[in-house]
Amino acid sequence: MATIDVQAQYVTIRMSGWEAMATRRPALTVQRSALFAVTASDEWVTRGLGLRHGGVVVSGMLKVGIWVGLDGTRRLLAMHRGMPTLRLSCAPGGAEAFSEVLVSAPDAHEVAALLAVGARA
């Protein structure tokens with residue numbers, strides 16, 4: 001399972017071994033100044049995320065990899081059912097090539113509260 005490390009200027013998401021293979025990266029660093037929305041949810045994300053561009057899906061249980069929306073929105077997912085999900089919405093270039101990052105973590109609500117203080121409205 002991915003881990004989230006919050007620093008003063010950055011948020012680093014470190015992928016577990018198999019998640020790193022599915023997302024094609026061992027970690028993703030997001031600039032805190034690029035965040036414009038941060039939320040956490042206990043609900044499984046069911047809305048359309050786009051087309052999978054590599055990764056793993058076990059229907060209704062996990063989604064790990066890269067999704068590209070029909071509008072070109074790129075999303076990095078590491079979501080596990082039954083675990084709170086942190087959603088980071090970023091300005092272009094703030095999270096490498098991704099506009100959204102969705103990652104499941106036991107402390108997703110605490111991380112969202114911490115990051116919301118610095119997120120732009």
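A strand is a DSSP run of E with at least two residues, and a helix is a run of H or I with at least four; both are numbered from the N terminus. This is a predicted model, in which local features need pLDDT of at least 70, side-chain atom pairs count only at pLDDT 80 or more, and totals for chains, interfaces and linings use all residues. Residues are numbered from 1 along each chain as its sequence is written, and side-chain values use heavy atoms, leaving out hydrogens and water.

Q: Where is Arg 14 found, and why is Arg 14 called partly exposed?
A: Arg 14 is part of strand 2. Its relative accessible area is 41%. Buried means under 20%, exposed means over 50%, and partly exposed lies in between (1.4 Å probe, protein chains only).

Q: What does Arg 14 touch, not counting residues up to four places away in sequence?
A: Arg 14 touches Ala 2, Thr 3, Asp 5, Pro 26 and Ala 27. Contact here means heavy atoms within 4.5 Å. The C-alpha atoms of Arg 14 and Ile 4 are separated by 6.5 Å, while the two residues are 10 apart along the chain.

Q: How do you know that strand 1 and strand 2 pair?
A: Two strands pair if DSSP finds at least two bridges between them. Strand 1 and strand 2 are joined by 4 bridges and run antiparallel. Therefore they meet the rule. In one of these bridges, Ile 4 has Ile 13 of strand 2 as its partner.

Q: What makes strand 1 and strand 3 edge strands?
A: The open sheet has the order 1-2-3, with antiparallel pairing. Strand 1 and strand 3 each have a single partner strand, so one side of each is left without a neighbour in the sheet. Neighbouring strands are turned by 15° against each other on average, direction ignored.

Q: Which strands stand at the edges of the sheet of 6 strands, and why?
A: The order is 4-8-9-7-6-5, the sheet is open, and the pairing is mixed. Strand 4 and strand 5 (51-58) are at the edges: each has a single partner strand, so one side of each has no neighbour in the sheet. Strand 5 pairs with strand 6 (residues 62-68) in the antiparallel sense, over 6 bridges. Within that pair, Val 57 has Lys 63 of strand 6 as its bridge partner.

Q: What packs on this sheet?
A: Helix 2 does, touching strand 4 and strand 8. Its direction makes about 155° with that of strand 4. Such axes are lines fitted to C-alpha atoms, for helices over the stretch in contact, and angles run from 0 to 180 degrees between N-to-C directions.

Q: How do you know that the buried residues of helix 2 line one face?
A: The buried residues of helix 2 (residues 108-116) are Ala 108, Val 111, Ala 112 and Leu 115. Seen down the axis, they fall within an arc of 100°, so they line one face. The arc is that of the directions from the helix axis to the C-beta atoms. An α-helix has 3.6 residues a turn, so residues three or four places apart point the same way. The face turned away from the buried side carries the exposed residues Glu 110 and Ala 113.

Q: What makes a set of residues a nonpolar core, and which members touch the most others in the largest one?
A: The set must hold buried Ala, Val, Leu, Ile, Met, Phe, Trp, Tyr and Cys residues joined through side-chain atoms within 4.5 Å. The largest core has 25 residues, and Ile 4, Ile 13, Val 30, Leu 86 and Leu 88 touch the most other members. Helix 2 gives the most to this core, with 4 residues. Apart from it lies another core of 7 residues, including Trp 44 and Trp 67.

Q: Why is Thr 23 called buried?
A: Its relative accessible area is 0%, so Thr 23 falls under the 20% cut-off. Thr 23 is in helix 1 (residues 17-23).

Q: What makes the link between Ser 104 and Thr 85 a polar contact?
A: A polar contact is a pair of N or O atoms within 3.5 Å; within protein, one must be able to donate a hydrogen and the other to accept it, and residues adjacent in sequence count only if both atoms are side-chain atoms. The side chains of Ser 104 and Thr 85 are joined at 3.2 Å, so the distance is within the limit. Ser 104 lies in strand 9 and is buried, with a relative accessible area of 1%.
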